[in-house]
Amino acid sequence: MSILQHNGAAIVCMAGKNCVAIAADTRFGLQQQTVACDFQKVFKMSDKLFVGLAGLATDVQTLRNTLKFKLALYELREERVMKPEAFSALLSHMLYEKRFGPYFVEPVVAGLTDEGKPFLCGMDLIGAPVYTDDFVVSGTCTPNLNGMCESMYRPDMEPDELFETISQVLLASVDRDALSGWGAVVHVITPQGITSKSLKGRMD
């Protein structure tokens, strides 16, 4: 088993019409043993920017704290909020400079640009980025998530429909993965603000 699969995770981001959603499960496990059902894998970086970190739980927390620090430093120096494009470049750089002893995480970045357009980006553990305009997934059940997204995704969804779609995609996918699930959280980012909701998942 890969060290990336040790704790289990399922994260999916999806673009809508001037909105973007990011959803993740909440299970924290040690391989097949479930330890907790309230582990946070998606973190708010600013009012229009979230990052999801799937992988080894210790590295998830370390990287989250490092990102928070670098973001605060940027805002002090530049006196402005970091754009999603700049944030994904920063994250990619941070991962690549540790490439010989990497953080065992596969991040996804979701946010809204200054023009209010969705921004989605996924990376591997050494920071090689992929930019998409529909959906991006990460974690231990990526084949399931990709299949469900390809079936259910439609362009230009409104925030309510986007929430419903991303929720169904995540819940259906984790039911076929032993290492993720046990509850979920969904964040929908719009120009007006952020809507966050918790989902109940199967506990078996």
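Start by selecting helix H4, residues 159-174: with three residues, H4 gives the largest share of the lining of the largest pocket. Keep in mind as you look around that this is a predicted model.

**Stop 1: the largest pocket**

The space inside comes to about 240 Å³. If you colour the lining of this pocket by class, you will find six nonpolar, six polar and five charged residues.

**Stop 2: H4 and its partner H3**

Keep H4 on screen and select helix H3, residues 142-152. H3 and H4 pack at an angle of about 145°, and their axes are 9 Å apart. The crossing of H3 with H4 is right-handed. To see where they touch, show the side chains of Asn 144, Leu 145, Met 148, Cys 149 and Met 152 on H3, then Thr 165, Gln 168, Val 169, Leu 170, Ala 172 and Ser 173 on H4.

**Stop 3: H1 and H2**

Next, move to helix H1, residues 57-78, and helix H2, residues 84-97. Here the packing angle is about 130°, with the axes of H1 and H2 12 Å apart. An angle of over 145 degrees would count as roughly antiparallel and one of 65 to 115 as roughly perpendicular, so H1 and H2 are oblique to each other. H1 and H2 also make a right-handed crossing.

On the H1 side, select Leu 63, Thr 66, Leu 67, Lys 70 and Leu 71; they meet Phe 87, Leu 90, Leu 91, Met 94, Leu 95 and Glu 97 of H2. This contact of H1 with H2 holds eight nonpolar residues, one polar and two charged.

**Stop 4**

Which of the elements gives the most? E6 does, with three residues. The volume of the largest cavity is about 40 Å³, and the count of cavities of 30 Å³ or more comes to one.

To outline the cavity, select Asn 7, Gly 8, Ala 9, Arg 27, Phe 28, Phe 39, Lys 41, Leu 53, Ala 54, Gly 55, Ala 57 and Val 60. Coloured by class, this lining shows seven nonpolar, three polar and two charged residues.

Methods: Residues are numbered from 1 along each chain as its sequence is written. This is a predicted model: local features need pLDDT of at least 70, side-chain atom pairs count only at pLDDT 80 or more; totals for chains, interfaces and linings use all residues. Side-chain values use heavy atoms; hydrogens and water are left out. Axes are lines fitted to C-alpha atoms, for helices over the stretch in contact, and angles run from 0 to 180 degrees between N-to-C directions. Helices (H or I, at least four residues) and strands (E, at least two) are DSSP runs, numbered from the N terminus. Angles under 35 degrees count as roughly parallel, over 145 as roughly antiparallel, 65 to 115 as roughly perpendicular and the rest as oblique. A crossing is left-handed if the near helix is turned anticlockwise from the far one by less than a right angle, and right-handed if clockwise. Contact means heavy atoms within 4.5 Å. Ala, Val, Leu, Ile, Met, Phe, Trp, Tyr, Cys and Pro count as nonpolar, Asp, Glu, Lys and Arg as charged, and the others, Gly among them, as polar. On a 1 Å grid over the protein atoms alone, a cavity is a set of points where a 1.4 Å probe fits but cannot get out, and a pocket is an open set with protein on both sides within 12 Å along at least five of seven lines; lining residues have an atom within 4 Å of a point. Grid points are joined across faces, edges and corners, and a volume is the space filled by probe spheres set on the points.
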